[in-house]
Amino acid sequence: MSYTLVLLLLLGLGSHAQRVAVVGGGIAAAALLRHLDPALDVHVFERGTRLGGRLGETWIGSVSVETGGSVLHSSNRYMLQFLNELDLDQSKDSDATMGFWEHGFKFVSSKESWKTALKMLWRYGFSHLITSRLVADVQSKWERVYDLQRQNVSFKSPKDMFEALGLFKMTQVDAKSFLMQHWVSELYIDEFVDAISRVNYGQRSELNAFVDSVSLIGAGMSGHLWSVEQGNSVVVEQLIKKYADAIHLGTLVKRIEHDPLANKFTIHSEKTLSGLTQSQPFDVVVIATPIETSDIQFNVNCFSASATRKFVKTHVTFVNGKVNPRLFNSANDVPDIIVNLERESSLPFRSLSVHAILEDGSFIYKLFSDSVLADAQIGRIFSPIIEVQRFSYKAYPYLEPTPIWPEFEILPGLFYLNAMESAVSCMETEAVAGKNVAVLVNAYSSKVL
Ligand SMILES: Cc1cc2nc3c(=O)[nH]c(=O)nc-3n(C[C@H](O)[C@H](O)[C@H](O)COP(=O)(O)OP(=O)(O)OC[C@H]3O[C@@H](n4cnc5c(N)ncnc54)[C@H](O)[C@@H]3O)c2cc1C
């Protein structure tokens, strides 16, 4: 053996960089990549033809709108950090009036916050105040995660994370029971809390109490709401392009094989357009997509069937046109956001909200619904109609309390970001999961080397 080779081996220069496969190109993957050790050789596999996952934009009229995840809260540290690092801008949400519809408007907020506060006091007593305090307490407990992550503390499972934050018990009780235990009125829960949960998660206060608190925070109970001026998905695209060593777009991961003796993985993938297949070896695999919607097969039984989640189908429809106010028993004006609280409803949407007013006096509306809105259904709500665009998502899990959650670390070397979505599903919590798994991967790969 030559002296040079011995020296190279001693210095570790002969060893190859650890190969990491990341399956999925959404915000969770982007946040993971941002925090991975730069010495790792990171490959991203994304079955779509673009990066972003459940984040994306479209143009309607002259306005760019978010088709998937849209609003962020001012307390969200990672998304703000990414924005600064990428030199992108915030666009702030404007104040909007909101009406809760159940065979007529039960409650309509005002443009002036003091008027809304008085109306709420009149209808719901102190319930809004009590809920604001409860939610603020959840927010301060949750924000401890940033201090822990700054010290590179990581958790093997979301359960460990929520226990450390003192929040696990809240995930195990439904929001309605939790709020009623704290003397919040049933009327307030059935109207206000349910309306916000319907808009954010297509569910009501059967949601676990933690995620419903996140939903209320996301409705602007404190702080302010914002989006990325250039489009939320631009954060994902730019982070992945900056930190990945290879990006395999239009590439479906079909099968992951684990060799327990060598502790290596083989990724079998297929190009979605050409059908071309490929098999590549990796030291570490990170699943950055909900396993239930991924169509991935494994040679080992590593995902417990009892932790399988069902996803809420959400159909998003954009309409450039004008709402017919007579449908809502009004001669002219309707609230900017209408939430339909009826269980058996002749109105085919969960919520309808104004996104912009164009120069020609027409509006851009966004509707969430349980099923695809047919032309005839849209024609009943709007007149005139200038343009319609439709998008469909398996948007988030049914987030009622459940004791069985998947782990972040499935096997040595196999990690799962979207384990987080058994507790909560939103951009920021996915970014937190990304950072957590990055710390786990960095520690694992430094041990293996
Ligand atoms: C309509 C809607 C509204 C929402 N509103 C908000 C909101 O206002 N605020 C908020 O914070 N959150 C919101 N959310 C939730 C938020 O968008 C998601 O929690 C978040 O974007 C999930 O990111 P992710 O990276 O974990 O997963 P994803 O974005 O789903 O990324 C996973 C990626 O993996 C890819 N993939 C899957 N299987 C494979 C495979 N076998 N091979 C290769 N690639 C694969 C997918 O194509 C996808 O791109 C909303 C979601 C929807 C749908």
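How far apart do the C-alpha centres of domain 1 and domain 2 lie? In this predicted model, the separation of the two C-alpha centres is 30 Å. Local features were considered at pLDDT of at least 70 and side-chain atom pairs at pLDDT 80 or more, whereas totals for chains, interfaces and linings use all residues of the predicted model. Residue numbers start from 1 along each chain as its sequence is written.

The domain assignment divides the protein chain into domain 1 (3–54 + 230–309 + 401–448) and domain 2 (57–229 + 310–397), the bounds coming from an automatic or database domain assignment. Contact between the domains involves 37 residues of domain 1 and 45 residues of domain 2, two residues being in contact if their C-beta atoms, placed from the backbone, lie within 7 Å. On the domain 1 side, two or more residues each come from α2, α11 (232–243) and α13; helices (H or I, at least four residues) and strands (E, at least two) are DSSP runs numbered from the N terminus. The most is given by α13, with 8 residues. This side of domain 1 comprises 19 nonpolar, 9 polar and 9 charged residues, where Ala, Val, Leu, Ile, Met, Phe, Trp, Tyr, Cys and Pro count as nonpolar, Asp, Glu, Lys and Arg as charged, and the others, Gly among them, as polar.

The ligand is surrounded by 37 residues, the closest being Gly24, Gly26, Gly53, Gly69 and Cys426; a residue is near a molecule or strand if its C-beta atom, placed from the backbone, lies within 6 Å of it. Both domain 1 and domain 2 give residues to this shell, so the ligand lies between them. At least two shell residues are supplied by each of α2 (27–35), β2 (41–46), β11 (251–259), β16 (311–323), β20 (382–397) and α13 (427–448). By class, the shell around the ligand has 18 nonpolar, 13 polar and 6 charged residues.

An open sheet is formed by 6 strands in the order β10-β2-β1-β14-β22-β21, with mixed pairing; two strands pair if DSSP finds at least two bridges between them. Its edge strands, β10 (246–249) and β21 (409–411), each pair on one side only. Neighbouring strands are turned by 20° against each other on average, direction ignored. Within the sheet, β1 (residues 19–23) and β14 (residues 284–287) pair in the parallel sense over 4 bridges, and valine 20 has valine 284 of β14 as its bridge partner. Helix α2 lies across β1, β2 and β14 and runs at about 160° to β1. Helix α13 packs on the sheet and touches β1, β14, β21 and β22 (414–416), its direction making about 170° with that of β14. For these angles, axes are lines fitted to C-alpha atoms, for helices over the stretch in contact, and values run from 0 to 180 degrees between N-to-C directions.

Elsewhere, strand β3 (residues 57–60) pairs with strand β4 (residues 63–66) in the antiparallel sense over 4 bridges. Tryptophan 59 has serine 64 in β4 as its bridge partner. The two strands, β3 and β4, form a hairpin with 2 residues between them, and glycine 61 in the turn has a positive phi of about 60°.

Helices α9 (residues 186–201) and α10 (residues 209–217) pack at an angle of about 90°, their axes being 9 Å apart. Helix α9 is therefore roughly perpendicular to α10, a term applied to angles of 65 to 115 degrees; angles under 35 count as roughly parallel, over 145 as roughly antiparallel and the rest as oblique. The contact involves Val193, Ile196, Ser197, Asn200 and Tyr201 of α9 together with Asp212, Ser215 and Leu216 of α10.
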